[in-house]
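Colleague: Could you walk me through how to read a model like this one, feature by feature?

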Amino acid sequence: ILSSILFYNPKVTVKISAKDDVAGIEYFSIGVKKDGLTEATNIELPEGLVVNADGTVKAGTKGFIGEITSVKEGGKVTLSFEVPAQFRGEFIIESVTDLSHNDSAEYDDNNIVVVDTISPDVKVEFTGSLKDKIDVDVAGQKPTRQTKNTTDANTRFVYDGDITATITVKEANFYDDMVITVYRDGAVVTDSVISDWTQINGTFEYVKTVKLSEDGDYQIKLDYEDKSDNKMDVDATGEYAENTADKVGTYTSNIHTIDTTIPSYSITYDNNTVIHNIDGRDYFDANRTATIKVTDRNFRPNDVKFTVVAKDVVNADVTAYTYSKLVSWDDWTQDGITWTATVPFTTDANYTVDFTYTDIAGHKVAEDYNKLFTVDKVAPNNLKIEYVEPSFVEKVIETVTLHFYKAPVKVKISATDDTAGVYHFMYSYVKSTGVSAVNAELIDEAITNADITYD
């Protein structure tokens, strides 16, 4: 019972009675009082109905009323009849007339009778800046989060910004008693903006909106059956074509994700001992391992753009170096919403490392990463000293071969390095023991890269 409204399903028997202990009852004049919704029942109402005490019709039409039965107990007469489905109205006894033609006053019990077997129609639609439709995550398994061309119950919808869920109910006997529950990240939240119900242009359709704003994974649950216990039919075909259900009474949406956060990342190395920095390139004499961390609640490896170029000293590819482009889940480990990958640099090479990332919702990291560095663990080889000018005179004195030059003498020093190239030479020329002080000597002299020519 709600405010003197009586709800039934699938039918109800109405009993009308009166008592006259003197003359006895001759007939009843029965009417139906309409309210604003009665006409919508599309059912034929009785008109000017007068029913004799024996249940036969004296005047007027019965409309939807079928068989009328009569029970007499002394001066009391009770008429009974069934009210079929889809009726809404208020029965009144306009008057009861006894055999002496005395008329009673009108009687109204102020109860509206509703007989309803039709399930409410509920439609749910989601709107917003939809960026992708992906697989849902499965507990205990590594996610896939692949884009889906065909949506189904295992589809997650990803938006960049607010989501509005529009709920439309079509129900002739509607009251504000639908239970709407909003979940974010699996927990019930109450910070969503939920509008009041609005009736559409005098029809029996009512609309409510639920606005979702904070970042998170949302689901909306609806629980609703009308006052006659008809469970709602649901149409959520906006999520996927088969998402309809009859007489279910409850509905839980797919996951709808809001992601407005720009992802962040860091790249660090275990070896940061720079030997030289030349033209923006750092040189290292030992292996390095990069640790890459990406923080993004909707991380997906195939959105990573990671490239490494490995060259030798003559700009040829170093084929011995191979690496992962980090587009597989197997490359990453998870800690909350932070994902970590490691990349070793154990091959001697001149490296160019580039990294960028754009998340599922279309947000790119604030700054792309570009780094130049060289790993070179091998010392230069093929060291050689040549005397190129002028020509010399060779003499053997006491089994020792000596080259005699006319000053000055031009000396060529060379070496080979396949990776970093030769950065500088350190050389000395030392006079022999016992020679004259006139002989020159130079210890630990440097030749810098500015004075080195490269072949």
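Predicted model: local features only at pLDDT ≥ 70, side-chain atom pairs only at ≥ 80, totals over all residues.

Colleague: Let's start with strands. Which strands does E3 pair with, and in what sense?

Modeller: Strands of a sheet pair through backbone hydrogen bonds, either parallel or antiparallel. Strands here are DSSP runs (E, at least two residues), numbered from the N terminus, and two of them pair if DSSP finds at least two bridges between them. Strand E3, residues 25–33, pairs with E8 (residues 87–98) in the antiparallel sense over eight bridges; Tyr 27 stands opposite Thr 97 there. E3 also pairs antiparallel with E4 (residues 47–52), over four bridges, and Ile 30 has Leu 49 as its bridge partner in E4.

Colleague: Is E3 mostly covered or exposed?

Modeller: Mostly covered: seven of its nine residues are buried. Buried means under 20% relative accessible area, exposed over 50%, and partly exposed in between (1.4 Å probe, protein chains only).

Colleague: What order do the strands of the open sheet take?

Modeller: Three strands form it in the order E2-E7-E6, with antiparallel pairing. Its edge strands, E2 (12–19) and E6 (69–73), each pair on one side only. E2 and E7 (residues 76–83) share eight bridges, with Lys 15 partnered by Ser 80 in E7.

Colleague: Now the backbone. Which peptide bond is cis?

Modeller: The one from Asn 9 to Pro 10, with omega near 10 degrees. Pro 10 sits in the loop between E1 (5–8) and E2. Check phi too: Asn 110 is not a glycine, yet has a positive phi of about 60 degrees, and its place is the loop between E9 (107–108) and E10 (112–115). Leu 326 likewise has a positive phi, about 65 degrees, without being a glycine. Leu 326 is buried, at 2% relative accessible area.

Colleague: What lines the second largest pocket?

Modeller: A pocket is found on a 1 Å grid over the protein atoms alone: an open set of points where a 1.4 Å probe fits, with protein on both sides within 12 Å along at least five of seven lines, and lining residues have an atom within 4 Å of a point. This pocket is lined by 25 residues, and those nearest its centre include His 276 and Tyr 423. E25 gives the largest share of the lining, three residues.

Colleague: And salt bridges: how many are there?

Modeller: Side chains of opposite charge can pair when their charged atoms come close. The rule is a side-chain nitrogen of Lys or Arg within 4 Å of a carboxyl oxygen of Asp or Glu, and the count comes to 22. One of them joins Lys 148 and Asp 135, with the closest N and O atoms 3.7 Å apart. That pair links distant parts of the chain, 13 residues apart. Lys 148 is buried at 12%, whereas Asp 135 is partly exposed at 22%. Another joins Asp 191 and Arg 184 at 3.0 Å, N to O. Salt bridges that share partners also join Arg 156, Asp 185, Asp 217 and Arg 297 into one network.

Note on methods:
Residues numbered from 1 in each chain as written. Heavy atoms only, no water.
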